[in-house]
Amino acid sequence: MRGRPNIHASLELIEKAQDIFWKKGYTATSLSDLLTITGTGSGSFYNTFKGGKKQVFQEAIQQRREAFAEFKTKLEKSDSPIELIKDFFRSIAYEGKISHLKGCIIANTVVEMTYIDEELENDSIQILKEVEEMYTENIRKAQEKGEIKNQTDASILGKYLITFWCGLNTLRRMYPDKKILSQQIEMQLAVLS
């Protein structure tokens, strides 16, 4: 039946699709995978997402950007934004094995899309740069208040945290162990003392 109304909210579909993209990556995820995980038929899927698989993926990536924006708002309202950043990294050690194996969909996309899809690669790079800017801004403010002894340029420390994040998402696949991850995270966070 042509033009049948959508029975699923697109946000719910994106969340379900995001899960499969997170596990398999963009390239390895098929239309069949998306239809199965979302529980939609191809007609309903394409009525909702005219751009197909790529549009769903872009919207899934956008959801991660929105999650980072929520975290930025929390930092702005916090009396101790550096501690909030540290706690975010510390919380990674306590996530479950599935979360460790998935890593970060944004960092995964930067790696996967290099030489494959420049638009998706650049979208993901931009999100990481926005997070880096958020870190840099909060580090700079903490340095000015004397809350961080390390006076290395805040932009270098912001990039350091992105480097740490990307490395941590590989390390957690190698060692999905709370104790090992906690030790490594604390060692890396010492730069913000």
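This is a predicted model: local features need pLDDT of at least 70, side-chain atom pairs count only at pLDDT 80 or more; totals for chains, interfaces and linings use all residues.
**Stop 1: a loop between two helices**

Start by selecting Ser30. You will find Ser30 in the loop that joins helix H1 (10-28) to helix H2 (31-38). Ser30 and Ile98 are 68 residues apart in sequence, and their C-alpha atoms are 21 Å apart in space.

**Stop 2: two packed helices**

Next, colour helix H5 (residues 81-92) and helix H8 (residues 118-144). Two packed helices are described by the angle between their axes and the distance between those axes. Here the angle is about 135°, and the axes of H5 and H8 are 9 Å apart. H5 is therefore oblique to H8, because an angle has to be over 145 degrees to count as roughly antiparallel.

Show the side chains where the two helices meet. H5 brings Pro81, Ile82, Ile85, Phe88 and Phe89 to the contact, while H8 brings Tyr135, Asn138, Ile139 and Ala142. How many of the residues in this contact of H5 with H8 are nonpolar, polar or charged? Eight are nonpolar, one is polar and none is charged.

**Stop 3: aromatic rings**

Across the whole structure, a search finds 11 aromatic pairs.

For one of them, select Phe45 and Tyr46. A pair of aromatic rings is described by the distance of the centres and the angle of the planes. Phe45 and Tyr46 are edge-to-face, with 5.4 Å from centre to centre and 90° between the planes. Phe45 is buried, with a relative accessible area of 1%, whereas Tyr46 is partly exposed at 37%.

**Stop 4: lysines over rings**

To finish, select Lys53 together with Tyr26. Lys53 sits over the face of the Tyr26 ring, 4.4 Å from the ring centre. Then select Lys102 and Trp22. Which face does Lys102 lie over? Lys102 lies over the face of Trp22, at 4.6 Å from the ring centre.

Notes
Residues are numbered from 1 along each chain as its sequence is written. Side-chain values use heavy atoms; hydrogens and water are left out. Helices (H or I, at least four residues) and strands (E, at least two) are DSSP runs, numbered from the N terminus. Axes are lines fitted to C-alpha atoms, for helices over the stretch in contact, and angles run from 0 to 180 degrees between N-to-C directions. Angles under 35 degrees count as roughly parallel, over 145 as roughly antiparallel, 65 to 115 as roughly perpendicular and the rest as oblique. Contact means heavy atoms within 4.5 Å. Ala, Val, Leu, Ile, Met, Phe, Trp, Tyr, Cys and Pro count as nonpolar, Asp, Glu, Lys and Arg as charged, and the others, Gly among them, as polar. Rings of Phe, Tyr and Trp (its six-membered ring) pair if their centres lie within 6.5 Å; planes under 30 degrees apart count as stacked, over 60 as edge-to-face and the rest as tilted. Buried means under 20% relative accessible area, exposed over 50%, partly exposed in between (1.4 Å probe, protein chains only). A charge sits over a ring if NZ of Lys or CZ of Arg is within 6 Å of the ring centre and within 35 degrees of the ring normal.
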